[in-house]
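Hi everyone, thanks for coming. Please have a look at the model on the screen, and then I'll walk you through a few parts of it.

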Amino acid sequence: MKKLLPYLFLLPACILLAVFVLYPMMQVLSFSVMRYSFFGSNKFVGIENYARLLTDTDFWRTFLNSMLYILVTPVLMIVSLVLALSVRQSIRKAAALRLVFFLPVVTPIVVVGIMWKWIFAEDTGLMNYLLSLLSISKVSWLTNYPTNILSVMILTLWRGFGYYMMIFLAGLALLPQEIEEASVLDGASPFQQVVHIIVPHLKPTLLFMAVVSASSAIKLFTEIYVLIPGVPMNNKTLVAYLYRQAFERFDFGYGSALAVVIFLLTFVFSYANIRIMERRA
Amino acid sequence: MKRLLPFLLCCLISCGQQDASITIEFWTLQLSPTFNDYFSSLIAEYERQHPGTKIRWVDVPYDAAIQKLLSSAVAGNAPDVVNLSADFLSKFNSMNAFADLTGDIARCGHTFLPNALALCTFDGKVVAAPWYLNTYVLLYNKQLLTEAGFSEKDLPRTYGQLIDFIKQYKDRTGKFALFWNIGKDSYLPMMLGSEGVAMTDSQITKATFNTERGIKLVDQWVELYRKGYLQSESIIKPGSTIVESYQAGQVLMIMTGPVFLSRIRTNAPTIYAHTGVAPAIVGSAGTHELAAMSVSVLSTSKHKQEATDFTLFLTNPRNQLAFSKLTTTYPSVLEALRDTFFTSSAANLETTARALGAAQLPQATRLRSHLLHQDFDVLRDSFDEAIQKACLGTLSTREALDRAAGEWNAILQKNVH
């Protein structure tokens with residue numbers, strides 16, 4: 001009984017995972033080899049949906065855009081680390097800054113979308129107004145590719161850095177103060193401290209963040225949905241394409257094939273990230 | 001045992017009664033709570049007339065309706081009767097979602113408007129009963145109009161006049177006269193149809209919008225966009241944002257259904273106070289776009305006959321007229337449309353708009369013929385992207401429309417063979 005007890009404690013979580021994660025995943029896998037019918041029986045089509053992906057230009061464009069969004073990951077990590085280092089002192093001002101930086105994370109995405117739409121509005125928005133003060137002509141923040149991708153990246157960064165900053169702060173809290181103090185006595189500059197002490201210490205945190213932020217970038221959807229819903233599909237990402245196929249065109253079979261590809265992509269990316277970081281460690 | 005016998009008999013009787021009772025589930029699109037009283041009394045009357053039939057009314061949000069309907073179909077608990085925009089009928093018809101109502105509609109005893117019935121008919125099969133209708137009028141801000149030095153007689157009546165007016169207004173005020181979504185769920189097909197340029201041939205087998213005239217007409221709007229006479233986001237914002245821009249006071253005028261007047265009254269009473277209404281803009285063909293709501297019986301219904309019966313009750317002249325009196329919509333049956341209610345003199349903005357719209361209904365038809373095709377969403381996206389490319393200067397209008405026409409023909413021909 002003693003041996004069984006740990007497994008019994010694990011059972012509720014396993015059941016929940018099986019019902020809400022594994023079962024839907026298996027279903028998506030089975031739908032991906034079918035022509036799905038809502039009001040009739042499904043028809044098995046083998047790899048037809050996957051073969052269709054190969055010749056689908058929208059798929060390849062959205063795939064490339066998703067890869068482009070991964071560029072957000074290193075920027076997000078650097079910005080978050082800099083912010084975390086700047087607010088880690090326990091002074092009152094830093095606490096207020098922490099709150100300010102974390103505010104975008106807890107702001108509902110719809111509100112964020114409306115706010116940034118106002119900022120990026122091409123005729124009346126804040127960004128173009130500021131640019132006009134510098135005598136820079138109007139930028140098509142929302143309508144033109146790839147500027148609209150840059151707009152979504154800015155929104156993603158703004159919304160994400162507070163979350164990653166908190167993770168960095170948690171990692172920094174575990175850094176023994178004596179090591180930092182010793183390095184100061186040895187004459188290390190703040191930059192040398194970051195490179196030789198802080199970053200090596202934060203390696204597990206960096207690994208976690210690289211995996212999470214890269215897979216989030218691949219799965220990017222909501223930001224696009226709220227900021228640039230009306231742009232052509234080839235300006236969007238893989239998950240937006242999945243949404244269109246499955247939930248706007250009701251092609252569940254093809255949508256499921258896309259979902260499987262996105263899953264594999266995320267899996268491969270995360271695995272590669274972990275291996276690279278482990279090897280460097 | 002003697003004591004048990006009456007109890008068992010009661011159980012049997014009540015079970016028997018339950019079996020005899022039929023429940024029809026009926027879905028509407030975002031009509032509750034505004035019309036709760038109307039539907040409660042309508043359903044009560046129907047149940048009184050049809051003992052043994054119960055109606056379970058479920059109101060679903062407009063934006064979530066399609067997904068809810070599909071989810072319910074997958075789960076095996078789809079409703080019996082469903083209210084859908086006629087725009088979605090072709091898609092659902094291609095999924096074999098609907099029961100055939102052809103015979104029932106023909107025998108129902110009231111006359112549906114032929115142009116409305118045409119929206120519900122696919123390959124000669126009527127898959128829905130037309131319900132309430134809408135068409136477009138021009139809403140304008142009288143204060144902004146006067147401030148710009150215009151009077152009501154300067155308001156445009158045709159698309160040609162509209163283009164000139166948009167330019168003059170922007171040149172005088174630096175502001176936008178109109179918000180019209182030309183690149184997302186584009187209304188340009190509506191303009192083309194009203195100018196006599198059909199989007200497809202009558203059999204919907206070939207794109208016909210890229211004629212010399214079609215290209216010239218679209219190019220005028222592309223030029224307006226490129227020269228900054230239209231809002232930059234008018235190529236990516238959908239039609240649902242038209243009313244928003246008007247009630248925010250960003251534009252002088254919009255083309256929309258009279259039904260939206262009540263929303264403007266609630267959301268922006270100041271703008272409403274300055275709002276005037278004029279006939280919709282038309283092209284040389286003089287036709288208007290017809291927007292229709294419909295009611296279908298799903299093919300999965302276990303009580304098709306009863307569901308059809310309720311559908312025809314809901315859409316009969318008396319009930320449609322009663323519903324129209326609560327809204328600024330139009331009934332789809334001639335017997336109700338002949339009521340003096342739709343021609344009454346202008347007492348307020350809503351009645352003026354209602355009278356204007358009613359007068360346009362005979363000329364209203366489906367100008368966006370591609371919406372009758374099962375792949376209308378693919379066709380629509382292809383056209384939208386062509387307009388976006390032309391407006392952003394990636395392609396010339398001719399190149400963009402020719403390319404879109406090629407894509408359309410590939411799709412339309414695929415379904416022919």
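Predicted model: local features only at pLDDT ≥ 70, side-chain atom pairs only at ≥ 80, totals over all residues.

Residues are numbered from 1 along each chain as its sequence is written, and chains are lettered from A in the order in which they are written.

So, the sheet. Chain B has an open sheet of 4 strands in the order β8-β9-β7-β10, with mixed pairing. Strands here are DSSP runs of E, at least two residues, and helices are runs of H or I, at least four, numbered from the N terminus; two strands pair if DSSP finds at least two bridges between them. β8 (176-178) and β10 (275-279) of chain B are at the edges with a single partner strand each, so one side of each has no neighbour in the sheet.

Further in, β7 (residues 137-141) and β9 (residues 251-256) of chain B pair in the antiparallel sense over 4 bridges. There, Tyr140(B) sits opposite Met253(B) in β9(B).

Now, how many residues of chain B are in contact with chain A? The count is 21 residues of chain B, against 19 residues of chain A, with contact meaning C-beta atoms, placed from the backbone, within 7 Å. α3 (65-75) and α18 (376-391) of chain B each supply at least two residues of that side of chain B, and the largest share, 4 residues, comes from α3(B).

Note on methods:
Contact = placed C-beta atoms within 7 Å.
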